[in-house]
Each structure stands twice: as C-alpha cells, then as structure tokens.
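Visitor: I'd like to learn how to read strands and cores in a model like this one. Can you walk me through it?

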Amino acid sequence: MKGAFQTRPFARLLIGTSLLCLAAPAFAAEAAADQAADANAGKLDEIVVTAQKREQNLQVVPIAISAISAEKVATLGIKDAKDLSGLAPNVTIVQGTINANAAVISIRGINTSAQETFGIDTANALYVDGIYIARSGGSALDVMDIERVEVLRGPQGTLFGRNTTGGAIAFISRAPSETFKLRAEATYGKFNTANARITLDPGSIAGIRTSFTYNHQQRDGVVDNILEPNRGRDPGSRQSDSFRFAAKTDIGGTGTVQYIFDWSRTRSSPMNFQLTNVADGTARAPIVVNGIPVVTTQQAPVQQYLAGATFLNPACAALAAPTRTWRPTVCNDISSTSLDTAWGHNLQIENDFGPFKIKSITGYRRWDNDYTTDLDGIGAFRGPQFSNATLFNGFPAPLLQSLGFPAGTSAFLAGAAVPTVQQNLFDTNNQRRHKQLSEELEVSGQSDTLDWVVGGFYFWEKGSEDNPQNSGFVLDTNSQVFSDAAFVGVLRGVGFPAAAAAQFAPLLAPSFRAANPARYRMVQTLGRLTYTASAESAAVYTQATYYPGGRDSGLRLTLGGRYTWDQKTMIRLQNGATVPAAPDQGRTSFSKFTWNAMLGYDLNRDVNVYARIATGYRAGGFNAQDPASGGVLPSFRPETLTSYEVGLKSELFDRHLRFNLSGYYNEYKDLAIAVPLTNAPPGTFATAVTNAGKVTYTGVEAELMAVLNENFTIEGNAGYVDIKYKEFNAGLPVTAGQPLVNIASIATPAYTSPFTANAALNMQFPLTSSGLRLTGRVSYTYEDPKYSFSNNISTPYNELLRNDAIKRVDAQIAIDRIPLGGGEALIRLWGRNLTNQNAFVRGIDFGSLGYAGGYFVDPRTFGVSIGVKY
C-alpha cells in the first residue's frame, strides 16, 4: 500500500526479528516460591502487575492502576469488560446497543465512542494477553482462564500506544500448568440461566504444557416480547459456546514459547429498547448561545400519528404510550438478534539473553457480526402514507376543481382513500466483518540502577459494514404541504403561474387544511450504509527507570517516549436511499510523538508518593455517515491529551491496610464527538463527528482495602471527575454563512458519571480443621447519573434521557474447599441487583424522527453455582 509511510516493511522487520527469540535458551526460571502461608496469614496479598512491561509490585508502580485477582474474577463471575463497571474508581461501562459483547467504556470521563463503526477508534484500549483488541464487539472473553485484570487509568501513550487517552484494560490469562489440573463449574439461575465451564490441564507431556477450556452460557430474556413465543429469543437472552487452547514450552532453559487459540460464537437478543418520549411536532425555537441564535433539531409529530394508527396486535397499543418507568413487556415485531463469531491466534516468544530479554507477541483476530434490531419496542402499526401521487386523495371535489382539476378527475380523487402503510418507527440490520493483525517486539534489561525497554509495534485492520435501515418519518401535511407558504409550491406544481400561486395560496390553503382527510402521514425512508475501512499503524517506543543511589535509595525517575504513524482509508459505496455513481473515498495519515515523565519517592518502607506527566493520542479517522464533498470523505483530526497526576500509595499496619490516592488534571485537545445533525434531510437520522476543541478533566480517586480480623476484610473505591468544555464549535448559526458557534457553555459530558463508588465486605469462617470454610461477600456500587449526548441542540431529549443513578447491591455466600476424592468442591449462592433497581442506563434520541427511548439494567437475578477442582 502506498501512502505517507510504508508500514509493511516495518512489520516484516518486527516479525523477522522476533524469530531470533528462538535462537537462545529459554526465559529465566520462575520467581522464587511465595512466602509460607502462615507468614502471610491475615495480611493483604502482594499484587504483581505488568503495567510497565515487567513484573512489579502494584504499590511501587507510579501510575493509577487497579488489579483484580483470579480469585476475585471467579467470585464475581467476571466474563468481559462490562463486568468491571464500578470496580475501579472513575470507571463506568455501558452495554452496547446492538450486540452482546460491545461496551462503551469511560475512564476518568474519557469514553469510548458509542458509534460502533470502523472509522472511529476507541479512547480506552482493551488488551487480551498483550493483543490490542481494536473493536470491543469482537472481544468475546467468556472462555478466558483469567489470572488477573489490570485497569490502568490515565493516558498510556508510551507503552500501550495510541487510543489509550483515557486508559487501558488488560486481561491476562493463566499459563498452562506443569501438573494435572481439572476444574469444572455449573450454574443455574433466574431467567433459566444455565452455564457450564470445564478447564483441563493434562500437565507437561514431552515438555509441552497445555490447557483446554470449554464454556457454554445461556439464559432467557429478561423482558417478555409478547410477539415472540420463544423466551429464549426475548430481549436479554443469550446463548454462547467458547473454546480455548493454550500450549507452552520451554526452550533450552531460558526461553518459552506460548500459543493461544480461542473461538467463540454468541447468539443473543440485545438489551431491550423501550420508548420513553414522543414529540408532538411543536416547533423548537433556536437556542441562543453567546448571543448567537443556533439551529435546533425540529421533531416530527409522532404523538399524533400513533394516536390515530392501528396496531397489528392490539395489545401493543398500550406500549406505544411512552414512559420512563421500566416495563416487563415489549412489542418487537422484528425479533432483535445478534450473532457474533470471534476467533484468534496469539503467539508469544520470550528469551533471556542475560544482559537483556526479548519478547515477541504476534496476534491475528477475526470477528463477524450479523444483527437485526427493532428500535422502537411498540410493534408494527398501520396509518396514512404520504406520497406526492396521492396528495389530493380524499379532498372534496369542489375544492379540487378550484385547482383546475377536471370534474371527472376531481370526483375520482375525492372518492380515493388516502393510502396506508405498515411500518415501524425504526428498524435496522447489519453485516459487519473485521480482521486484524498485530506484532509487538520488545527488548528489555535491568541493572542495579536502571530498568529499560525498547520496542516496536505494528497493527493492521480491515472492516466492512452493510447496514440497511428502515425508518418512518411523520409529516404534518397541514404545516409542511398546506401551509400558506408551502402551498405556493403546490399551486406551481399543478400549473399556476408564480404570481397567481403567490396570490391564491393564502386564499386556498386554509380550506385544504380544514378538509385534510389525513393531516399526519408517514414517509417510509429506506436507506443503506455500506463501506469498507482499513488502517495501519506503526510505532517505536522506549522507557527507562533510573534509581539514583541504587534500588534501595527510595528515589526513581522514569522517562519514556513513543512515535506513532497512522494511515487510514475508507471507501463508501452507499449512504442513503440511492447508490452514487462512484464510491466516496477518503485517505488520511497522522503521526504523533507521545511521552511521559514520572518521579517516585519512598517516604518510608510502607508509603511512597509519585508525580507523573503523560501525553496521549487518539488517531483521527472517518465517520461513515459524514457527507462527502466531490466524492471525497472528510476526516476528523486526532485527539491529544496532556495529563498531570500526583499520587500516594501505602501499605500500613504490617500490610493490614492498603490505601492509594491520586489526583489528576487533564487537558484534552480536539476531542472527537459524534453529534446528531441538525441540518440532516427531513426523515433521516444521521451523525457527524466533530472535534470539540479543548476540554479539561479534574479528578481525584481513592482505593482502600483492609483486613479487619481473620474473618473480615473490607474494600472500596471512590472517584470524582469534573469536566469543563472550553471550546466546542458545533452550533450551526441561524444566519447562513456564519462560522460554527462555540457551544461549550451548554455542553454535557456523555457516558460519564461525575462520582462513582464501590464498597464491599468480604468474610470467611473456617468450618473444619481440614480447610472447609464459609465465605461471603456483599457489595454496593454507586454511579452518578450520566448523559448520553453532548448537547440538547441536536438531541432535544438530552435532559430527559439523562440516566438514573446506579445503586446496585450484589451478594453471595459459599462453602468451598469441600473434600471430594482427592480434590475439592464448592457451592455458591449468588444474587445481583438484589434491590431490583430498574435503572435507566442509556438513551437514544432520534432527533428529527421525533422520538426517543433507551435501555435499563437487568432486573434482579440470582442462582447457584457448583464447582469442583483437582
């Protein structure tokens, strides 16, 4: 591929160099055995993370990072990124709308775009065993044998690269065991939940350690679609099968090679969309911002049309009345379904050459997604249809003769009924295909006073979408066809000269409005979005930590930098009702240097402080819905971020209390935001991506864990972020030809809870001297209400769609370490959302289409899990 730079030679160099890892004996032996269990009894476990590309104690890493252990992952039933919401401060995650695996991640107020298209990158990176997952919908982590999860908050632009302006989430899996291990677990719960999982490690055979995992999950829907007899296809239902294979072997004695293959297939009916608001067509006045009137989105009169429509299923008529109160039933005449298939290869090679180490991670992944979605929840209905050919049907013959129609034609039209159409407010389907290839090669070393790493990274992806859409746009013909002004055009259309049309329109139009047989009529709008997008990225990076006076001096200084080159292409075949004569195309490239500087100091053995300055960069790109100019697609600019952070980390009272605190100030430039268009063609819903300009984020975070006694531990976190828009040039002035207006003063941060908190009480009581014990956990998660959009100019219901505060109580109780024929078993009772809070968590405003709705959290669920391990 030709372009601003050539990345494939760079990729071949990385891949070729990585093969040198096989030339030397194997990776260093495993770390020394852990301290005896009785020496650590009643103390907090030491947490080891790899956020700086080497193993370190969490407490000495000079960044804000939360680590979730394998035991906690199993206890909480964490399956993917969505289950992490609230477990780290200032981290909230909302389910995607169209497939079960997608997620909208917000870290420190910086959120991943809700636009699930291939031209817009995420702002918070997701990594699985070192592989960057470009699209959250393709993560499919159900089958992972998770060892720990690391949540890195703040820009990670040096070691993790672009698209980590908010932070990164890294899932690290367990390596295959050298000895035989067998683990199995089965779960049954509410909504006919039935899960089963089995993991087998046969042990080392011919020097190769392997691990096999199979996972099956299924549940019925959480809302009853009264038009769907099969509860397994109701909204919220899910059925998935996953398989994972891992193999690892030593080379010589100082190196290892590990290969991982995973495959998953998920068929689901995504979250239920519920109608919450409908418009009556009242004109919205311009909003005045900084003294300048700004165009606002005008809404169609959906309320009046639905009042006169006939529902195919009479039981659905009641559901057409919008409400913010959660309903246990819905009418989806099109069963919303999503089929996701994802699989990938991961090859890791590590060597210890003595003075330095080399590590290579090569990954290839595929993701296919097919979905059909009914986005109104009220079923199909029939009502008057608009067309120019039938505009005068049903009007009195004398009135039609006043327009010059012959008597026979007037009589015929007067006797003709206004045609009707069977329609939904909105439904859509999509076929998405995505594949990606990545290679990362890093060389690292250490001495008494220095840790260092140098690396190179290459990434390539290609994705395509074919997305037909069917929407119904309600037209108030009295105001848009038969008003005095609009009727001039009608008269011109039937042969009136311009002067006569202007003269007679005010005289005739009132009579037509009074005699209109169907004031509100629907235009069926069929559109299609079809495109392919590709991207290449290459980077080189380095980071070093210097310990003046040695590692025990208590002082450490870290400096790092990364240079990234990006190239993006999009070819759009269709965007609307018709296929253009030639495809719209866009090609662009970016490059950026990002860096960080960190200073850490140990106040004493148990307390250290740090200061950090770091920069981040999110690549620009293309919004597939943006209008083209002369066949050329416009691109939006990259985002850049500078973050200033200070923190304190402490372990006190002989490692019985861990308390970490951090504060930060971020300056974001050219924040890319998807904004619904205020000047989209009537009857259409579209968004454009605009760079908001400057935004600041000021926040504080705290994490605590404490051992109260041998039976109880507590843990908790809290985070607060204040977001200020300084520049957001997205307002379209009423006066034509004027520049866009800065609407920062009325902007609302999307998908961000200003305050988040989580608290949990853990307990354990020994039941026998052999280790049998009773364990339990109760937790409370709070997230402030969130907006779903950035302003109320283009999204009229933005304020009304503000999400509810999340107040979730989860609990479980278990008996584990039950002796079982040389192994052990467990029985766990669990419950989620025990207070059955029906919180509204995500809104969709369809702008000019005249209605809005959204999604609610799952109702209360509970169940029992039984597991064994040998």
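Predicted model: local features only at pLDDT ≥ 70, side-chain atom pairs only at ≥ 80, totals over all residues.

Visitor: How many bridges join β44 and β45, and in which sense do they pair?

Guide: In general, strands of a sheet pair through backbone hydrogen bonds, either parallel or antiparallel. Here β44 and β45 (residues 851–856) are antiparallel, with five bridges between them. Across that pairing, Ile844 sits opposite Gly853 of β45.

Visitor: What is the strand order in the sheet?

Guide: The order is β17-β45-β44, an open sheet of three strands with antiparallel pairing. β17 (274–278) and β44 (840–845) are the edge strands, each pairing on one side only. From one strand to the next, the twist averages 30°.

Visitor: Now the cores. Which residues have the most contacts inside the largest nonpolar core?

Guide: A nonpolar core joins buried residues through side-chain atoms within 4.5 Å. The largest one here has 49 residues, and Phe381, Phe392, Phe487, Phe512 and Tyr851 have the most contacts inside it. Elements that each supply at least two of its residues include β17, β45, α4 (302–308) and α8 (484–493).

Visitor: Which element gives the most to this core?

Guide: That's α9, with six residues.

Visitor: What is Phe381 in contact with, leaving aside its neighbours within four places in sequence?

Guide: Among its partners are Tyr305, Leu306, Phe311, Val421, Leu425 and Met522.

Technical notes
Residues numbered from 1 in each chain as written. Heavy atoms only, no water. Pairing = 2+ DSSP bridges. Helix = DSSP H or I, 4+ residues; strand = E, 2+ residues; numbered from the N terminus. Axes fitted to C-alpha atoms, helices over the stretch in contact; angles between N-to-C directions. Buried < 20%, exposed > 50% of the residue type's maximum accessible area, 1.4 Å probe, protein only. Contact = heavy atoms within 4.5 Å.
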